[in-house]
Amino acid sequence: FGIIRGSSTAEETHWYLASTYFNVGDMLLANYYYSLFVKNFPKSNRREEAMYMSAFSLYKASPRYTLDQTASLEAIQSFQSFVDMYPESARLAEANRLVDELLAKLERKMLNQAHLHYVRQEYRAAITTWETVLQDFPDTEKRFEIYFQIIKASFEFADLSIKQRKWERFSDVIDYYRTFADRLKGSPYESEAKSLMLKAEEQKALAPKPNDEDV
């Protein structure tokens, strides 16, 4: 390949090499050579397509949501670079659609991780993961369920805690409820979330305050 660099056939050969790897399903090498094409042939009339195909190769390399999502993250970054470089491209709508699909996969992976933490009674990790989902995907369709799950996990964590930690942790339940109460209004979770908060208030009143001596 180094011999033909700079020759009259270099651009065509490079394009053929990248496309061959794509067609045989080696998406990581396809991404590499499409990216190299963008770098080596900045004035080519195929540069826009090569930049898109570089990102698309990473999209194709993205595995199912339960596996490592490095390729998905790199694909999103590559599509964003493409959109920034070619905001009037005919491929713009498709690029945005694929990014949305990748983001949905990342969200699903995080929700799955939160659920696994929850069923293993790793409540702090579950709550942290759900909070990260809300931060990274503020418009998620799962937001009402997540608000409730945070309150519920916090309540269960407090309920299973040793006596000396219950006052503090039931206080956390109440704080979470106050944070999410307005957002849960009208949702299927409103009534149960309030019920958990009232139970938390009752349990907090029975628990020793942090500085109280054990009886």
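## Pockets, rings and a helix

Phe144 and Tyr147 sit three residues apart in helix H7, so about one helical turn separates them. Their ring centres are 6.3 Å apart with the planes at 80°, which makes the pair edge-to-face. Keep in mind that this is a predicted model.

**Aromatic pairs**

- In total, the structure holds 19 aromatic pairs. One of them joins Tyr21 and Tyr33, which are stacked at 5.5 Å centre to centre with 5° between the planes.
- Tyr21 belongs to helix H1 (residues 10-23) and Tyr33 to helix H2 (residues 27-40), so this pair ties together parts that are 12 residues apart in sequence.
- Tyr21 is partly exposed, with a relative accessible area of 25%. Tyr33 has 17% relative accessibility and counts as buried, because the cut-off for buried is under 20%.
- There's also an aromatic cluster, made up of Phe22, Tyr52, Phe56, Tyr59, Phe79, Phe82 and Tyr86.

**The largest pocket**

- The largest pocket has a volume of about 260 Å³.
- Its lining includes Asp100, Leu103, Ala104, Glu107, Arg108 and Leu111. Also in the lining is the run Phe137, Pro138, Asp139, Thr140, Glu141 and Lys142.
- Sorted by class, that lining has six charged residues, five nonpolar and one polar.

**The second largest pocket**

- The second largest pocket holds about 180 Å³ of space.
- Lining the second largest pocket are Leu111, Asn112, His115, Tyr118, Trp130, Lys142, Glu145, Ile146 and Gln149. Two elements give two or more residues to this lining, helix H5 (92-119) and helix H7 (143-159).
- H5 gives the most, with four residues.
- Leu111 and Lys142 turn up in the linings of both pockets.

**Helix H4**

- Does the length of H4 agree or disagree with what its residue count predicts? With 16 residues (70-85) at 1.5 Å a residue, helix H4 should span 22 Å, and its end C-alpha atoms are 23 Å apart, which agrees.
- Buried along H4 are Ala71, Ser72, Ala75, Ile76, Ser78, Phe79, Phe82 and Val83.
- Which helices do those buried residues pack against? They pack against helix H3 (47-61) and H5.
- Two of the buried H4 residues, Phe79 and Phe82, are also members of the aromatic cluster.
- Ser78, which lies in H4, touches Ala55 and Leu58, leaving aside residues up to four places away in sequence.
- If you want a distance to check in the viewer, Ser78 and Glu11 are 22 Å apart, C-alpha to C-alpha, and 67 residues apart in sequence.

- Most residues other than glycine have a negative phi.
- Gln121 has a positive phi of about 65°, although it is not a glycine.
- Where does Gln121 sit? Look in the loop between H5 and helix H6 (123-136).

Methods
Residues are numbered from 1 along each chain as its sequence is written. This is a predicted model: local features need pLDDT of at least 70, side-chain atom pairs count only at pLDDT 80 or more; totals for chains, interfaces and linings use all residues. Side-chain values use heavy atoms; hydrogens and water are left out. On a 1 Å grid over the protein atoms alone, a cavity is a set of points where a 1.4 Å probe fits but cannot get out, and a pocket is an open set with protein on both sides within 12 Å along at least five of seven lines; lining residues have an atom within 4 Å of a point. Grid points are joined across faces, edges and corners, and a volume is the space filled by probe spheres set on the points. Ala, Val, Leu, Ile, Met, Phe, Trp, Tyr, Cys and Pro count as nonpolar, Asp, Glu, Lys and Arg as charged, and the others, Gly among them, as polar. The expected span of a helix is 1.5 Å times one less than its number of residues. Buried means under 20% relative accessible area, exposed over 50%, partly exposed in between (1.4 Å probe, protein chains only). Contact means heavy atoms within 4.5 Å. Rings of Phe, Tyr and Trp (its six-membered ring) pair if their centres lie within 6.5 Å; planes under 30 degrees apart count as stacked, over 60 as edge-to-face and the rest as tilted.
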